[in-house]
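Dear colleague,

Please find below the structure that I am handing over to you.

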Amino acid sequence: MQQDDRVIVLEGVGKRYSLESRPWHRLWNQLSGRLDRGPQHHALRQVTFSVRRGEVLGIIGRNGAGKSTLLQVISGVLPPSEGRCVVNGRVAALLELGAGFNPELTGRENVRLNGPLMGLGAAEIERAMDGIVEFAGIGDFIDQPVRSYSSGMFVRLAFSMATSVEPDILIVDE
């Protein structure tokens, strides 16, 4: 298959979770590679699509439809249970509000702590810091613990960080 200008390619992607209520049985099934034994919940089934460079894709659906699971698979947070997911380019993902932020640390400290998780080195983080703070628009609050932030301030800082890495693919969940 030629990849041409496609940055995301999913072919027959599925994600299933065990509904086995007995923890030891669930662990045994995982360790023995028998993930298809027992009751299962299929969060995704046979998802196939591609996204080309420059395209915007919105995913809508009811609660529990698998939207967040799909975004986690694309982001590489979750492996698919079946099928193939290929992502070409740097991904920045805002999947859960505040995931990875320590509420006791300041905004600036959280940027330094989470920068490496987004592929930024220490020097890159420091070069980007003023732009991240300015774009977030939280002013002097950058040096306050994030537990004191409003939800809007929190989201703006997370978004500012995600976009500062100049991603090829930006994934935003709710």
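E104 and R147 are both exposed. Their side chains meet in a salt bridge, at 3.1 Å from N to O. E104 belongs to the loop between β4 and α3 and R147 to the loop between α4 and α5, so this pair ties together parts that are 43 residues apart in sequence. Please bear in mind throughout that the model is a predicted one.

The count of salt bridges comes to six. Another of them is formed by R108 and D143, whose closest N and O atoms are 2.8 Å apart. Here, too, distant parts of the chain are linked: R108 is in helix α3, D143 is in the loop between α4 and α5, and 35 residues separate them. R108 counts as partly exposed because its relative accessibility is 21%, and the limit for a buried residue is under 20%. D143 is likewise partly exposed, at 41% relative accessibility.

A further salt bridge joins the side chains of R84 and E11, with 3.0 Å from N to O. It connects strand β3 (residues 82–87), which holds R84, with strand β1 (residues 6–18), which holds E11, the two residues being 73 apart. R84 has a relative accessible area of 35% and is partly exposed; E11, at 25%, is partly exposed as well.

In α3 (residues 107–114), the residues G107, N110, V111 and N114 are buried. Viewed down the axis of α3, the buried residues fall within an arc of 105°, so they line one face of the helix. This is in keeping with a general point: an α-helix has 3.6 residues a turn, so residues three or four places apart point the same way. The buried residues of α3 pack against α4 (122–136) and α5.

Helix α5 (residues 151–164) contains S160, which is buried with a relative accessible area of 2%. Neighbours within four places in sequence aside, S160 is in contact with G131, I132, F135 and A136.

As for aromatic rings, three pairs are counted. In one of them, the ring centres of F101 and F154 are 5.3 Å apart and the planes stand at 50°, so the pair is tilted. F101 is in the loop between β4 (91–94) and α3, whereas F154 is in helix α5, so to speak of this pair is to speak of distant parts of the chain, 53 residues apart. F101 and F154 are both buried.

With kind regards

Methods
Residues numbered from 1 in each chain as written. Predicted model: local features only at pLDDT ≥ 70, side-chain atom pairs only at ≥ 80, totals over all residues. Heavy atoms only, no water. Helix = DSSP H or I, 4+ residues; strand = E, 2+ residues; numbered from the N terminus. Buried < 20%, exposed > 50% of the residue type's maximum accessible area, 1.4 Å probe, protein only. Contact = heavy atoms within 4.5 Å. Arc of directions from axis to C-beta. Phe/Tyr/Trp six-rings, centres within 6.5 Å; stacked < 30°, edge-to-face > 60°. Salt bridge = Lys/Arg side-chain N within 4 Å of Asp/Glu carboxyl O.
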